Every structure is written in structure tokens, then in C-alpha cells.
Amino acid sequence: MSSSIHVSLGQVAAALTLVVLAVAISFWRKADLEEDIAVAAARSFVQLTAIGYAIKLIFDVDSLWLVLALLTVMVLFGALTARSRAAAVPGAFWPLLIALAIAGASTLGLVVALGVFDPTPRYLVPVGGMVIGNAMTASAVALNRLGDEFGDSRGKIEATLALGATAREAASPFVRRALRSGMITLVDSTKTTGLIFFPGTMVGMLLAGADPTDAVRLQLILLYALLGSVAIAALIATGLAYRNFFTSAQQLREPEASLSD
Amino acid sequence: MLFELRDVSLTRGKRQVLDSVGARLPAGATAVVGPSGSGKSTLLRLLNRLADPDSGTISYRERPLIEYDPLALRREVSLVPQLPALLEGTVESNLRFAAGLAGEPLDAARCLRLAGLDLAFAERDVAELSVGEAQRTMLARALSQNPRVLLLDEPTSALDHGARDAVEATLGELRRRLDISIVLVSHDPEQARRLGDWVVRLDAGRVVEEGPVERILA
């Protein structure tokens, strides 16, 4: 694959017209999103420009250690971001960190071992970023749901514990639902891909002048890899995090502000 | 002595739910009575280690509760919570799950009959049960474990008079035939009088009275 496309800053600036349009719509219909849209546009510019230079540097230096460092930072920030969406789950950071690290490492390891991609920065950086990003979203959704389930179903969980079930047995229906909700978005969007929307990689490759067959095949590889990584991440995050709701004596911990009779 | 509590205290948040509770619960049927918020349900949850006290000791059959494996204890000392909380599935699948945990063969007909339910309920989806039916299914589920002690939290609160009488008759029969001890939380002194031999009265997390039913609820 060779990049045959050059994009000038002028072209980027021209695309801002659509951001202005979004601000205008928000202002006109009083959606109160003008500031958020402006922040989103500015942050995306700064963050993507920064990561663009970082990737360029990593490609130029061509060091796998730098790739590893970048992916580690992504895992760390991914876990911190996901934790903020899983506020109802006690001690969610470590399960998320472990989930993202294992999902990223195993997915990348597998695609390299199977010979799908060469172990070079040009493949590992973008694929790793996609894998970790999707794993983060899935595990955040899963743990958010897990927190809701444990909040809503304390009575059921405790009634099951009262029969002498282990924490794992008492939690299993709720862990299963959380795992499912973490995975379902990607499964559904994979089902409709090509029909209702064109995924980003394919669009990018087509714009860059690649052969459509190549673009589709690469997109398929990525979709399949993402399905695996999302399942691994959601499985590990929920499988570790549910334990934090219980004590070692298989008791359901009291929520922070509980006053039960 | 079935249970003995010494100086048991428990706080939740800033609230003292149990305050230096000392009580002796003999084998047979003990009714724990008191106004709403007096700590009755919390006391019950301590007896099969769904929670542990902040301080004080509880013993079961002369041995500290903390020395029992919580899972084995809960299969022997079965708690039926006030609000029905069944697992998704049929009545029978709930009974089977509970019996399996206790390593007991399932006799669904017997458990349902003891709880005042017809065998036809076995195939019913728990989502379709009324609150009263679900409450009795909870009792049947606990009985499927063949427990030595039943901890019942307001077991008839959702039942009409007919169903309440049926469950109370069952509890009396269980005691006579199966030698099961019962600890019953009830806000209703009449029910405590009908079912209990021994009464512990709580108020604001403290034991204010305990003794034989004919003395306390005379």
C-alpha cells in the first residue's frame, strides 16, 4: 500500500464549513451544543495533529519499543477514560487496565502470528489504536451496565447468596448481560457494514486511491480482529470487576450510601 | 442454644443499625418483633452471614459463626428475604438450583405442597407469578435445600388472609414434622404470638425485651 494522497491544511480548513453549519443548527434549534461542538472540533484538531506527528516520528525511527510505549500509553488512558464511565463499579481501573492490555496484546499477537500483518510500526500503530479504542468502548459499556445491574438487582443477588451460592454463581446472570451489552454494538454494526455505513478504514483506503478489493479485504480483517478484541476485553473486564462487589466471605458489599433496615 | 448474640453492633453510613445487641435464640421458633427500622432484618442477615457485625460475636450451636464456611452455613441456615427475588426461569428451575447447591435430591411436589402451592406451579415462569405466589415459591425454594434453620423475613407480608393462614399452618407443620427451627421477623404481634415460642423485641437497634411468648406478648 502506498499513500498517493496529499491533503493540505487549506482543505482541512474548508471542511470546517460543516462544523460552522453544525454550530449554526445547534444555535438555531437551541440544542445548546455550540460550545461542545467547538471544543470537539478544536480537540480533534490538536489531538489528531499531535498523534500524526507522533506516528510520523515512530515510522521514521522504526522502533518496536516506541510502538510498545505508544500502545502502553493508549491502554493507560483507555482504562482511565473507561473508568469514568463505570463509576458504579468499585475499583474498576485494574480490571479495565488488564482487559485492555490483554485484548490489545493478544489481538495484535494473533494477527502477526497468523501472518495477516507484518510486525512493523506501519501496521502495529494504526491497528493497535483501533483495537484498544474499540476494546475501551466495549469494556466501558460492559462495566457501566454491570454497575446498573448490581444497583438494580441487589435483592436478587443477595437472595441467591442466601441459598449458599458463590459470588460467581450469584453474579453470573448479571455478568452475562453486561458482557453482552459490551459486545452487541460492534456485532450489530458489523452485521450492517457495507449496507448502511462504510467503515473508516475502507473509506480511507478508497480515498487514498487503493483498489476497492484490497480496501474491502483489509476492512474485513480489521472487523474480525475487532470482534475478537472486543469480546476478550469485555470478558476480562466483567470477569474481574464483578468480584469487587463481594467480600471474601461471599457477601455483597454495601453501596457507599446505604441505610438499610 | 441455637443462636447467641453478644454485644453485637453494626453501623451503616452514619446510622447505628444495631447497638450492643445481646440476645439468645433457642431452638424452636423465635419471633423478632419491633417497629419498622428497628434493625430486625439486619439482625436476620447476620445469622447466616450475609453480613458480619462491626463488633461483637454471634454463635450458632455454641460455635462462633465466623468459624463456619459461609456457603455451607447458608445452605443449613436458609434465609427467605421479604421481597421475592427469584432467578429467571421456571419455579422448578429455581427449586432445582437451590437443591443442587445443597446437594439434595429435588422433590418439587413436596416442597411446593409444604409452601402451599400446587404441583402445577412447577412449570410456571417466575415472571408470571403474583407477589404472593413468588413469596411462597421463595419458601419452597428454601425448603428444597432441606435446611435445619429457616430465617424468614416477613414471610406473609404480601399474602391475603387465606394464603397467610396456609403458610402459617405450613410453618407449624414444618416444625413438628421436620424438626426445623425458625427465626421469624414480623411486624405483626399476632403472628408472632401464633408462630413463636420465644420473642426478641427490638427498638432503635437495641433489644428491649426477650423471653417466652406468653410473657412478652401477653
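Predicted model: local features only at pLDDT ≥ 70, side-chain atom pairs only at ≥ 80, totals over all residues.
Reader: How many of the residues in chain B count as buried, as a percentage?
Author: The share is 48% of the 218 residues. To get that label, a residue needs 20 or more other C-beta atoms within 10 Å of its own.

Reader: Why are strand 2 and strand 5 of chain B said to stand at the edges?
Author: Start with the order: the open sheet has 4 strands, arranged 2-1-4-5 with antiparallel pairing. Strand 2 (15-25) and strand 5 (63-64) each have a single partner strand, so one side of each lacks a neighbour in the sheet.

Reader: How do you know that strand 1 and strand 4 of chain B pair?
Author: Pairing takes at least two bridges. Strand 1 (residues 3-12) and strand 4 (residues 55-60) are joined by 5 bridges, and they run antiparallel. So the pair meets the cut-off of at least two. One of the residues involved is B:Arg6, whose bridge partner in strand 4 is B:Thr57.

Reader: Which strands of chain B does helix 1 lie across?
Author: Helix 1 (residues 40-47) lies across strand 1, strand 2 and strand 4, at about 60 degrees to strand 2. Chain B comes to 8 helices and 10 strands.

Note on methods:
Residues numbered from 1 in each chain as written. Chains lettered and ligands numbered in written order. Contact = placed C-beta atoms within 7 Å. Axes fitted to C-alpha atoms, helices over the stretch in contact; angles between N-to-C directions. Buried ≥ 20, exposed ≤ 12 C-beta atoms within 10 Å, placed from the backbone.
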